[in-house]
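Here's a friendly walk through a protein fold, for anyone meeting it for the first time. Take a look at the structure, then read on.

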Amino acid sequence: MLTAAQAREQLLAPAVSVSEVELVAMQAALGRVLADDVVSLVDVPPLDNTSMDGYAIKVADLAAHAGMLQVGQRIPAGSMGTELQSGTAARIFTGAPIPQGADAVVMQEDCTIDPAKPDAVSISTSPTVGQWIRRRGEDLTAGKVALRAGCLLRPQELGVAASAGLTHLPVKRRVRVAAFFTGDELSLPGEPLKPGGIYNSNRDTLLACIKALGCDATDLGIVPDRLDATRAALRQASQDHDLIITSGGVSVGEEDHIKPAVTAEGELNLWQIAIKPGKPLAFGSVRRESNPGTSTWFIGLPGNPVSSFVTFLLFVRPFILRLQGRPDSAIPSYPMRADFDWPKADRRNEFLRVKINNQGGLDLYPNQSSGVLTSAAWGDGLVDCAPGQAIARGDLIPYIPFSALLS
């Protein structure tokens, strides 16, 4: 069986970013992927300015005037002062330009105004040159790169683009993903359950995961456990999509039709991965009948709900990020303290559902079955437990937060 790292390497090797680029307005760019480097149109800030309310001074004047300076002007944000005269200070407010001749700002908490001399300020500290001054262009420089291609446009990136004077951004078109779900035992919530049936939780879980990554998701519903129906669903999904995702039907039973269907409609690699949950994973492609010579990627996930969710996060997400043109496809993990014991070392790489507790350690959900999806809803991440590794209370173990895997 492949390790998780080997499977990811093989999966990602052929993945290439979509090529189409769209120019969108700033408020339509949230969650999109920047297609090209963009440069700032302006210096940010455009002038030296103060980061504090206080008094703009020339440091050398303090010793010459025993720390007492005349207040010669008042400079609110959005206005320009005049040149600072020797022996004077300028009352200045956060964001206001530094007047010519000033080389420091003293915050107002370090200054005293004598009611008897309201036009003078007494400074009780020894400022350094440059104190509380934000220099022109220290954030962005006109003509220099403000944001790099491949970055995910979050609220903070949009703020950077706006401060750079940009109104529109070039972004990769959204990756188009189709999903369908196999199993005659499945019903949708709201429908009566069949004898021996279950509600299809994977549909809502996987479609939500796809959308959380900024993709366009197409729901092709539940496909009957028949080879002809599975092949028809694959042909339909391949036409206008970059990726097809399925859950269920990737084992080797008589009712598992994914392998022969994808093989007939394209090509398939079916892997056994040494992980728990989520051993079976299928990867391949499906021919597009409408565009000969091209194909749509295919990833088949296991049917158990936790297995489906975990394999999406570990394998499908990095693949989608590559299709989007994002370079950050690694699985992030952080060392954290185990506040539980896991003495049953497994020969496979286990991904345990855990939650950060109030003491800064990790608690373990008591039932780690691949059919218990409540373990993922209760938890806020996974522990990456290496093959053959037991865990003792107090051990530092690699923690993967769900929040880092759903964006």
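Which residues of helix H3 (residues 155-163) are buried? They are Glu157, Leu158 and Ala161. These three cover an arc of only 100° around the axis, which puts them on the same side of H3. (That arc is the one spanned by the directions from the helix axis to the C-beta atoms.) Here "buried" stands for under 20% relative accessible area, with exposed being over 50% and partly exposed in between, for a 1.4 Å probe and protein chains only. An α-helix has 3.6 residues a turn, so residues three or four places apart point the same way. The cover over the buried residues of H3 includes strand S11 (145-147) and strand S12 (168-172). Just after H3, Gly165 takes a positive phi of about 90°.

A few ground rules before going further. This is a predicted model, where local features need pLDDT of at least 70 and side-chain atom pairs count only at pLDDT 80 or more, while totals for chains, interfaces and linings use all residues. Residues are numbered from 1 along each chain as its sequence is written, and side-chain values use heavy atoms, with hydrogens and water left out.

**The whole thing**

The secondary structure comes to 8 helices and 26 strands; helices (H or I, at least four residues) and strands (E, at least two) are DSSP runs, numbered from the N terminus. The radius of gyration is 30 Å, well over the 22 Å that the globule rule gives for 407 residues, so the protein is more spread out than a compact globule. That radius is taken over C-alpha atoms, and the rule is 2.2 Å times the number of residues to the power 0.38. Along the principal axes, the C-alpha atoms fill a box of roughly 95 × 55 × 40 Å. Buried residues make up 48% of the 407 residues. Contact means heavy atoms within 4.5 Å, and of the contacts with a separation of 6 or more, 69% are between residues 24 or more positions apart.

**Two open sheets**

Strands pair if DSSP finds at least two bridges between them. S8 and S9 form a hairpin with 2 residues between them.

The other open sheet also has mixed pairing, and its 6 strands follow the order S16-S13-S17-S21-S20-S18. S16 and strand S18 (266-272) are the edge strands, each with a single partner, so one side of each is left without a neighbour in the sheet. Its neighbouring strands are turned by 15° against each other on average, direction ignored. Helix H4 (residues 201-212) packs on this sheet, touching S13, S16, S17 and S21, and its direction makes about 170° with that of S13. Helix H7 (residues 305-324) lies across S13, S17, S20 and S21, at about 160° to S21.

Here are some antiparallel strand pairs:

| Strands | Bridges |
|---|---|
| S4 and S6 | 3 bridges |
| S8 and S9 | 3 bridges |
| S18 and S20 | 7 bridges |
| S23 and S25 | 5 bridges |
| S25 and S26 | 3 bridges |

Within S25 (residues 381-385), 4 of the 5 residues are buried, so the strand is largely enclosed by the rest of the structure. Its Cys385 is the bridge partner of Glu350, and Val383 is partnered by Tyr399 in S26.

In H5, the buried residues are Ala229, Thr230, Ala233, Leu234, Ala237 and Ser238. They cover an arc of only 165° around the axis, which puts them on the same side of H5. They pack against several elements, among them helix H6 (258-265) and strand S17 (243-247).

Finally, Asp61 is found in helix H2 (residues 59-64). At 8% relative accessibility, Asp61 counts as buried. Beyond its neighbours within four places in sequence, Asp61 is in contact with Leu69, Gln85, Ser86, Gly87 and Thr88. The C-alpha atoms of Asp61 and Gly87 are separated by 5.7 Å, with the two residues 26 apart along the chain.

Terms used: Axes fitted to C-alpha atoms, helices over the stretch in contact; angles between N-to-C directions.
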